[in-house]
Amino acid sequence: AERRAKPKTYATLHFLPTATLILEVQDKYSRSHHSDESALSYLQKLAKINMLLLDDLGKEKLTEDAKRAVYWLINEREMWERPTIITSNFSLEQIDARAEAALSSRIVGMCRGCIFEFKGEDRRFSK
């Protein structure tokens, strides 16, 4: 009988714009929203995703609830050492000013020489 190699399993990357994360959490906090899923259970699901790309961190104005949710998610992923990619148009210092120092501290804690800065013009303006 012919032996076949087992197919390799690759981690699936889950792309999540930060604005979507915040809207989802706010929607679940809302008293008028009748959902079986709480904000915490939603965040717990995101915390357990194998690979998460959190896009555009810091772009939106963060309410206190949004700050807590983003911090909680990043903190959980750091504690469990789950691969997380975070994109932002802001430096860590600017994230400190927009959110809080504890958030950028967690981001740095997740990294081991992995903060990359890309500079250039916004490709959307060049069209």
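Is D56 buried, exposed or partly exposed? D56 is partly exposed, because its relative accessibility is 22%, where buried means under 20% relative accessible area, exposed over 50%, and partly exposed in between (1.4 Å probe, protein chains only). This is a predicted model, in which local features need pLDDT of at least 70 and side-chain atom pairs count only at pLDDT 80 or more, while totals for chains, interfaces and linings use all residues. Residues are numbered from 1 along each chain as its sequence is written, and side-chain values use heavy atoms, with hydrogens and water left out.

**Overall make-up**

- The protein chain has five helices and three strands; helices (H or I, at least four residues) and strands (E, at least two) are DSSP runs, numbered from the N terminus.
- Along the sequence the pattern of the protein chain reads β-α-α-β-α-β-α-α.
- Buried residues make up 28% of the 127 residues of the protein chain.
- Of the contacts in the protein chain between residues at least 6 apart in sequence, 76% join residues at least 24 apart, a contact being heavy atoms within 4.5 Å.

**The sheet**

- Three strands form an open sheet in the order β1-β2-β3, with parallel pairing; two strands pair if DSSP finds at least two bridges between them.
- β1 and β3 are the edge strands, each with a single partner strand, so one side of each has no neighbour in the sheet.
- From one strand to the next, the twist averages 15°, with angles running from 0 to 180 degrees between N-to-C directions and axes being lines fitted to C-alpha atoms, for helices over the stretch in contact.
- Strand β1 (residues 13–17) runs parallel to strand β2 (residues 51–55), and five bridges join them.
- P17 has D55 in β2 as its bridge partner.
- Three bridges pair β2 with strand β3 (residues 84–86), also in the parallel sense.
- Opposite I85 in β3 stands L53, and opposite I86 in β3 stands L54.
- Strands of a sheet pair through backbone hydrogen bonds, either parallel or antiparallel.

**Helix α3 and its surroundings**

- β2, α3 and β3 together form a right-handed β-α-β unit; a crossover is right-handed if, with the strands pointing away from the viewer, the path from the first strand over the helix to the second runs clockwise.
- Helix α1 (residues 18–29) packs against helix α3 (residues 64–79) at an angle of about 115°, and their axes are 10 Å apart.
- The crossing of α1 past α3 is right-handed; a crossing is left-handed if the near helix is turned anticlockwise from the far one by less than a right angle, and right-handed if clockwise.
- On the α1 side, T18, L21, I22, V25 and Y29 meet D65, A66, A69, V70 and L73 of α3.
- The residues of this contact of α1 with α3 comprise eight nonpolar, one polar and one charged, where Ala, Val, Leu, Ile, Met, Phe, Trp, Tyr, Cys and Pro count as nonpolar, Asp, Glu, Lys and Arg as charged, and the others, Gly among them, as polar.

**Loops with positive phi**

- D56 belongs to the loop between β2 and α3.
- Although D56 is not a glycine, its phi is positive, at about 65°.
- E81, in the loop between α3 and β3, is a residue other than glycine with a positive phi near 50°.
- E81 is exposed, because its relative accessible area is 64%.

**Helices α4 and α5**

- L92 is placed in helix α4 (residues 92–98), and S104 is found in helix α5 (residues 101–110).
- S104 counts as buried because its relative accessible area is 7%.
- Not counting residues up to four places away in sequence, S104 touches L92, I95 and D96.
- L92 is partly exposed, with a relative accessible area of 24%.
- Its neighbours within four places in sequence left aside, L92 is in contact with S104, I107, V108 and I115.
- L92 and V108 are 16 residues apart along the chain, and their C-alpha atoms are separated by 8.6 Å.
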